[in-house]
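This report walks through selected strands, turns and single residues. Keep the coordinates open while reading.

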Amino acid sequence: MGRGSAPPVCSMRASSSPAARRCSSLASRIVTALADGTAKLWDSDSGEPLRLLKGHCDCVCSATFSPDGLLVVTGSWDNTCKLWSAESGECVRTFEGHGGPVMSASFSPDGGWVATASWDGSAKLWDAGSGECLRTLKEHGDEVTCACFS
């Protein structure tokens, strides 16, 4: 893939074409965030649900896989961010410290950090392993809706 070109978009429909097999081997699961306070893992080949991530007390706004695919991070209106095992569906860690809904949560490229964005007007940088808040980015002047790494 050349510089500036986008990766292929995958369909949830089963297919035996070489392109579909290549796509499914790279992106075999999808995670969705739900308003009922859960997130759901899906098999992208079959379109079947695999696991329900249950533990937030309010709407889940953001759900993302770690770079290695072993973890999922979610952000919620309950002011928390949670780290989940993609294999078992168990909550591994809860990140607490925002004073408003966590609208986005994303992993660093190496999976060692998590960035969160909140309607409390801040973004936070967390150590994914320990759950420690390493830095709070303030002075946005408004609600923060997204934070991600380069």
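Two strands count as paired if DSSP finds at least two bridges between them. The model shown here is predicted.

Ala117 has Ala123 of S10 as its bridge partner. Strand S9 covers residues 113-118 and strand S10 covers residues 123-127. Five bridges join S9 and S10, and the two run antiparallel.

S9 and S10 belong to an open sheet of four strands, ordered S8-S9-S10-S11. Its pairing is antiparallel. Which strands stand at the edges? They are S8 (102-107) and S11 (133-137). Each has a single partner strand, so one side of each has no neighbour in the sheet. On average, neighbouring strands in this sheet are turned by 15° against each other, direction ignored.

S10 also pairs with S11, again in the antiparallel sense, over four bridges. Within this pair, Lys124 stands opposite Thr136 of S11. S10 and S11 form a hairpin, with five residues between them. Gly131 sits in that turn and has a positive phi of about 85°.

Cys133 lies in strand S11. Its relative accessibility is 29%. Buried means under 20% and exposed means over 50%, so Cys133 counts as partly exposed. Leaving aside neighbours within four places in sequence, Cys133 is in contact with Lys124, Leu125 and Trp126. Phe95 is 38 residues from Cys133 along the chain. The C-alpha atoms of Cys133 and Phe95 are 8.1 Å apart.

**The loop between S8 and S9**

Ser108 is found in the loop between S8 and S9. Is Ser108 buried or exposed? At 4% relative accessibility, Ser108 counts as buried. A polar atom of the Ser108 side chain lies 3.3 Å from the backbone nitrogen of Gly112. Leaving aside neighbours within four places in sequence, Ser108 is in contact with Pro67, Trp113 and Phe149.

**The three-stranded sheet**

A second open sheet has three strands in the order S1-S2-S3. Here, too, the pairing is antiparallel. S1 (29-33) and S3 (49-54) stand at the edges. Each has a single partner strand, so one side of each is left without a neighbour in the sheet. Neighbouring strands of this sheet are turned by 20° against each other on average, direction ignored.

Strand S2 spans residues 38-43. How many bridges pair S2 with S3? There are five, in the antiparallel sense. The bridge partner of Leu41 in S3 is Arg51.

Asn79 has a positive phi, near 75°. Glu139 has a positive phi of about 60°. The table sets out their places and accessibility.

| Residue | Phi | Place | Relative accessibility |

Key:
Residues numbered from 1 in each chain as written. Predicted model: local features only at pLDDT ≥ 70, side-chain atom pairs only at ≥ 80, totals over all residues. Heavy atoms only, no water. Axes fitted to C-alpha atoms, helices over the stretch in contact; angles between N-to-C directions. Buried < 20%, exposed > 50% of the residue type's maximum accessible area, 1.4 Å probe, protein only. Polar contact = N/O pair within 3.5 Å; in protein donor to acceptor, adjacent residues only side chain to side chain. Contact = heavy atoms within 4.5 Å.
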